[in-house]
Amino acid sequence: MTITETAHGVETKASRSHRADLKLEVIVIPVSDVDRAKTFYASLGWRLDADFASADGWRVIQFTPPGSACSVIFGKNVTSAVPGSAQGLYLVVSDLKAATQDLLARGVGVSEPFHGGGDVHAGTDEPYLFGRVRLNGADPKRGSYSSFASFRDPDGNGWLLQEVTTRLPGRIDAEDTTFTSSSELAGALRRAAAAHGEHEKRTGGHDENWPDWYADYIVREQAGQPLPT
(Lines give C-alpha, C1' and ligand atoms only; values in the text may rest on other atoms or scores of the structure.)
Protein backbone atom coordinates (compact mmCIF):
# COMPACT_ATOMS: atom_id res chain seq x y z
CA MET A 1 0.00 0.00 0.00
CA THR A 2 1.37 3.40 -0.99
CA ILE A 3 1.56 5.98 1.81
CA THR A 4 1.99 9.72 1.33
CA GLU A 5 2.04 12.64 3.72
CA THR A 6 -0.42 15.50 3.37
CA ALA A 7 -0.97 18.75 5.22
CA HIS A 8 -3.47 16.91 7.41
CA GLY A 9 -1.49 13.76 8.09
CA VAL A 10 -0.89 10.45 6.37
CA GLU A 11 -2.93 9.38 3.38
CA THR A 12 -2.88 5.97 1.69
CA LYS A 13 -3.45 5.20 -1.96
CA ALA A 14 -6.42 3.08 -0.90
CA SER A 15 -8.02 5.95 1.00
CA ARG A 16 -7.68 8.25 -2.02
CA SER A 17 -9.40 5.72 -4.25
CA HIS A 18 -12.38 5.63 -1.85
CA ARG A 19 -12.64 9.37 -1.36
CA ALA A 20 -16.23 10.60 -1.66
CA ASP A 21 -17.08 12.96 -4.51
CA LEU A 22 -17.82 16.51 -3.37
CA LYS A 23 -19.76 18.20 -6.14
CA LEU A 24 -20.35 21.94 -5.91
CA GLU A 25 -23.89 22.21 -7.24
CA VAL A 26 -25.45 25.32 -5.68
CA ILE A 27 -24.37 28.92 -5.04
CA VAL A 28 -26.70 31.16 -2.99
CA ILE A 29 -26.82 34.82 -3.98
CA PRO A 30 -28.54 37.58 -1.96
CA VAL A 31 -31.25 39.68 -3.64
CA SER A 32 -33.67 42.32 -2.38
CA ASP A 33 -36.54 41.79 -4.83
CA VAL A 34 -37.13 38.13 -5.66
CA ASP A 35 -39.46 38.66 -8.60
CA ARG A 36 -37.16 41.26 -10.16
CA ALA A 37 -34.23 38.86 -9.82
CA LYS A 38 -36.29 36.04 -11.30
CA THR A 39 -37.14 38.17 -14.32
CA PHE A 40 -33.47 39.10 -14.79
CA TYR A 41 -32.04 35.59 -14.61
CA ALA A 42 -34.80 34.27 -16.87
CA SER A 43 -33.80 36.95 -19.40
CA LEU A 44 -30.29 35.47 -19.47
CA GLY A 45 -31.73 32.28 -20.93
CA TRP A 46 -30.94 30.27 -17.81
CA ARG A 47 -33.10 27.25 -16.99
CA LEU A 48 -35.65 27.78 -14.21
CA ASP A 49 -35.50 24.67 -12.02
CA ALA A 50 -37.63 25.63 -9.03
CA ASP A 51 -39.82 28.32 -7.49
CA PHE A 52 -41.06 27.16 -4.09
CA ALA A 53 -42.76 29.19 -1.37
CA SER A 54 -44.42 28.68 2.00
CA ALA A 55 -46.97 30.60 4.05
CA ASP A 56 -44.36 31.97 6.48
CA GLY A 57 -42.66 34.11 3.80
CA TRP A 58 -39.97 31.63 2.74
CA ARG A 59 -39.30 31.38 -0.98
CA VAL A 60 -36.52 29.80 -3.01
CA ILE A 61 -35.83 30.05 -6.73
CA GLN A 62 -33.21 28.06 -8.62
CA PHE A 63 -31.71 28.78 -12.03
CA THR A 64 -29.00 26.88 -13.91
CA PRO A 65 -26.79 28.53 -16.55
CA PRO A 66 -26.60 26.67 -19.90
CA GLY A 67 -24.07 23.85 -19.73
CA SER A 68 -23.39 24.34 -16.02
CA ALA A 69 -23.33 21.62 -13.36
CA CYS A 70 -23.77 24.31 -10.71
CA SER A 71 -27.01 26.19 -10.08
CA VAL A 72 -27.86 29.55 -8.50
CA ILE A 73 -30.39 29.93 -5.68
CA PHE A 74 -31.96 33.09 -4.31
CA GLY A 75 -35.17 34.01 -2.52
CA LYS A 76 -36.54 35.09 0.84
CA ASN A 77 -35.12 33.78 4.11
CA VAL A 78 -32.48 31.68 2.34
CA THR A 79 -29.39 33.75 3.23
CA SER A 80 -28.43 36.49 5.68
CA ALA A 81 -25.97 38.07 3.25
CA VAL A 82 -26.53 41.67 2.15
CA PRO A 83 -28.23 41.95 -1.27
CA GLY A 84 -25.64 42.62 -3.97
CA SER A 85 -22.71 41.43 -1.85
CA ALA A 86 -21.96 38.35 -3.97
CA GLN A 87 -18.97 39.27 -6.14
CA GLY A 88 -16.50 37.37 -8.29
CA LEU A 89 -18.96 34.83 -9.66
CA TYR A 90 -17.23 33.31 -12.68
CA LEU A 91 -18.96 31.92 -15.76
CA VAL A 92 -16.49 30.05 -17.96
CA VAL A 93 -17.09 30.39 -21.72
CA SER A 94 -15.27 28.99 -24.72
CA ASP A 95 -15.91 32.08 -26.89
CA LEU A 96 -15.99 35.41 -25.04
CA LYS A 97 -17.21 37.40 -28.04
CA ALA A 98 -20.12 35.06 -28.69
CA ALA A 99 -21.07 35.01 -25.00
CA THR A 100 -21.08 38.81 -24.69
CA GLN A 101 -23.03 39.23 -27.92
CA ASP A 102 -25.67 36.81 -26.64
CA LEU A 103 -26.07 38.79 -23.40
CA LEU A 104 -26.23 42.11 -25.25
CA ALA A 105 -28.92 40.70 -27.54
CA ARG A 106 -30.89 39.84 -24.42
CA GLY A 107 -30.68 43.43 -23.21
CA VAL A 108 -28.09 42.77 -20.49
CA GLY A 109 -25.44 45.43 -19.90
CA VAL A 110 -22.02 43.81 -20.32
CA SER A 111 -18.62 45.46 -20.01
CA GLU A 112 -16.18 45.65 -22.88
CA PRO A 113 -13.69 42.74 -22.90
CA PHE A 114 -10.66 43.25 -20.70
CA HIS A 115 -7.46 41.48 -19.65
CA GLY A 116 -4.95 41.75 -16.85
CA GLY A 117 -2.13 44.25 -16.58
CA GLY A 118 0.44 41.81 -15.31
CA ASP A 119 1.24 40.76 -11.78
CA VAL A 120 -0.33 43.85 -10.21
CA HIS A 121 -2.57 43.40 -7.19
CA ALA A 122 -3.02 47.00 -6.09
CA GLY A 123 -4.91 49.61 -8.06
CA THR A 124 -8.18 51.43 -8.56
CA ASP A 125 -9.96 48.81 -10.64
CA GLU A 126 -12.35 46.35 -9.03
CA PRO A 127 -10.40 43.28 -7.90
CA TYR A 128 -10.76 40.08 -9.89
CA LEU A 129 -8.78 36.92 -10.55
CA PHE A 130 -5.85 38.71 -12.23
CA GLY A 131 -5.46 41.58 -9.77
CA ARG A 132 -6.56 45.24 -9.70
CA VAL A 133 -5.71 46.41 -13.22
CA ARG A 134 -8.02 45.90 -16.19
CA LEU A 135 -6.68 46.66 -19.66
CA ASN A 136 -9.13 47.23 -22.50
CA GLY A 137 -9.68 44.45 -24.97
CA ALA A 138 -9.32 40.70 -24.87
CA ASP A 139 -5.89 39.28 -24.11
CA PRO A 140 -3.74 40.12 -27.20
CA LYS A 141 -2.33 36.58 -27.24
CA ARG A 142 -5.79 35.12 -26.61
CA GLY A 143 -4.30 33.00 -23.88
CA SER A 144 -6.70 30.60 -22.20
CA TYR A 145 -8.05 31.93 -18.86
CA SER A 146 -6.89 35.48 -19.74
CA SER A 147 -9.85 37.33 -21.33
CA PHE A 148 -12.83 38.61 -19.37
CA ALA A 149 -16.04 40.64 -19.42
CA SER A 150 -18.38 41.47 -16.56
CA PHE A 151 -22.01 42.22 -15.77
CA ARG A 152 -24.24 42.67 -12.72
CA ASP A 153 -27.73 41.66 -11.72
CA PRO A 154 -30.23 44.32 -10.56
CA ASP A 155 -28.91 44.14 -6.96
CA GLY A 156 -25.29 44.52 -8.04
CA ASN A 157 -24.16 40.91 -7.59
CA GLY A 158 -21.11 40.71 -9.82
CA TRP A 159 -20.58 38.13 -12.57
CA LEU A 160 -17.52 37.68 -14.79
CA LEU A 161 -17.23 35.84 -18.09
CA GLN A 162 -13.85 34.11 -18.39
CA GLU A 163 -12.72 32.64 -21.71
CA VAL A 164 -11.15 29.20 -21.30
CA THR A 165 -10.14 27.33 -24.44
CA THR A 166 -7.40 25.05 -23.10
CA ARG A 167 -7.39 23.66 -19.58
CA LEU A 168 -4.25 23.56 -17.48
CA PRO A 169 -2.65 20.09 -17.27
CA GLY A 170 -4.37 17.70 -14.92
CA ARG A 171 -7.65 19.61 -14.73
CA ILE A 172 -9.57 17.18 -16.96
CA ASP A 173 -8.98 13.47 -17.51
CA ALA A 174 -8.51 12.80 -21.21
CA GLU A 175 -10.98 9.94 -20.87
CA ASP A 176 -13.65 12.38 -19.66
CA THR A 177 -13.67 14.81 -22.58
CA THR A 178 -17.09 16.43 -22.71
CA PHE A 179 -18.78 19.47 -24.23
CA THR A 180 -21.67 21.24 -22.58
CA SER A 181 -23.09 22.88 -25.71
CA SER A 182 -22.96 22.71 -29.50
CA SER A 183 -21.26 26.13 -29.61
CA GLU A 184 -18.50 24.90 -27.31
CA LEU A 185 -17.89 21.88 -29.55
CA ALA A 186 -17.99 24.11 -32.64
CA GLY A 187 -15.31 26.33 -31.11
CA ALA A 188 -13.10 23.31 -30.47
CA LEU A 189 -13.61 22.14 -34.06
CA ARG A 190 -12.66 25.57 -35.42
CA ARG A 191 -9.44 25.62 -33.40
CA ALA A 192 -8.64 22.06 -34.50
CA ALA A 193 -9.29 23.02 -38.14
CA ALA A 194 -6.94 26.00 -37.93
CA ALA A 195 -4.22 23.90 -36.29
CA HIS A 196 -4.71 21.11 -38.83
CA GLY A 197 -4.32 23.60 -41.66
CA GLU A 198 -0.89 24.49 -40.29
CA HIS A 199 -0.14 20.78 -39.93
CA GLU A 200 -0.88 20.17 -43.63
CA LYS A 201 1.30 23.13 -44.59
CA ARG A 202 4.20 21.58 -42.70
CA THR A 203 3.66 18.12 -44.21
CA GLY A 204 3.03 19.50 -47.69
CA GLY A 205 -0.01 17.43 -48.50
CA HIS A 206 -3.59 16.49 -47.69
CA ASP A 207 -4.00 14.46 -44.50
CA GLU A 208 -6.51 11.68 -45.18
CA ASN A 209 -6.58 10.85 -41.47
CA TRP A 210 -7.78 14.32 -40.51
CA PRO A 211 -10.72 13.01 -38.41
CA ASP A 212 -8.28 11.16 -36.14
CA TRP A 213 -6.04 14.25 -35.99
CA TYR A 214 -8.99 16.48 -35.09
CA ALA A 215 -10.13 14.07 -32.38
CA ASP A 216 -6.64 13.82 -30.90
CA TYR A 217 -6.24 17.60 -30.94
CA ILE A 218 -9.59 18.26 -29.24
CA VAL A 219 -9.04 15.68 -26.51
CA ARG A 220 -5.51 16.90 -25.81
CA GLU A 221 -6.58 20.55 -25.78
CA GLN A 222 -9.35 19.98 -23.26
CA ALA A 223 -7.13 17.83 -21.03
CA GLY A 224 -4.28 20.35 -21.11
CA GLN A 225 -1.89 17.90 -22.77
CA PRO A 226 0.75 18.76 -25.43
CA LEU A 227 -1.01 19.36 -28.74
CA PRO A 228 -0.24 17.30 -31.85
CA THR A 229 1.90 18.88 -34.56
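**Close-up 1. Arg134 over the ring of Tyr128.** In this predicted model, the charged end of Arg134 sits over the Tyr128 ring, 5.1 Å from the ring's centre. Tyr128 itself is buried, at a relative accessible area of 9%. Tyr128 also forms a stacked aromatic pair with Phe130, with 6.3 Å from centre to centre and 25° between the planes. Phe130 is partly exposed, with a relative accessible area of 28%.

**Close-up 2. Tyr41 meets Trp159.** The whole structure holds 16 aromatic pairs, and here's one of them: Tyr41 and Trp159, with ring centres 6.2 Å apart. Their planes stand at 70°, so this pair is edge-to-face. Tyr41 belongs to helix 2 (residues 34–43) and Trp159 to strand 11, so the pair ties together parts that lie 118 residues apart in sequence. Tyr41 counts as buried at 0% relative accessibility, and Trp159 counts as buried at 4%. Zoom out a bit and you'll find both in a cluster linked by ring pairs, along with Phe40, Trp46, Phe63, Phe74 and Phe151.

Close-up 3. Helix 3 (residues 96–105) has Leu96, Ala99, Thr100 and Leu103 as its buried residues. Looking down the helix axis, they fall within an arc of 95°, so they line one face. Covering the buried residues of helix 3 are parts including strand 7 (89–93), strand 10 (147–152) and strand 11 (158–163). Exposed Lys97 and Ala105 sit on the face turned away from the buried side.

**Close-up 4. The ends of helix 3.** At the start, a side-chain oxygen of Asp95 comes to within 3.2 Å of the backbone nitrogen of Lys97. After the helix comes Gly107, with a positive phi near 85°.

Methods:
Residues numbered from 1 in each chain as written. Predicted model: local features only at pLDDT ≥ 70, side-chain atom pairs only at ≥ 80, totals over all residues. Heavy atoms only, no water. Buried < 20%, exposed > 50% of the residue type's maximum accessible area, 1.4 Å probe, protein only. Helix = DSSP H or I, 4+ residues; strand = E, 2+ residues; numbered from the N terminus. Arc of directions from axis to C-beta. Contact = heavy atoms within 4.5 Å. Polar contact = N/O pair within 3.5 Å; in protein donor to acceptor, adjacent residues only side chain to side chain. Phe/Tyr/Trp six-rings, centres within 6.5 Å; stacked < 30°, edge-to-face > 60°. Lys NZ or Arg CZ within 6 Å of the ring centre and 35° of its normal.
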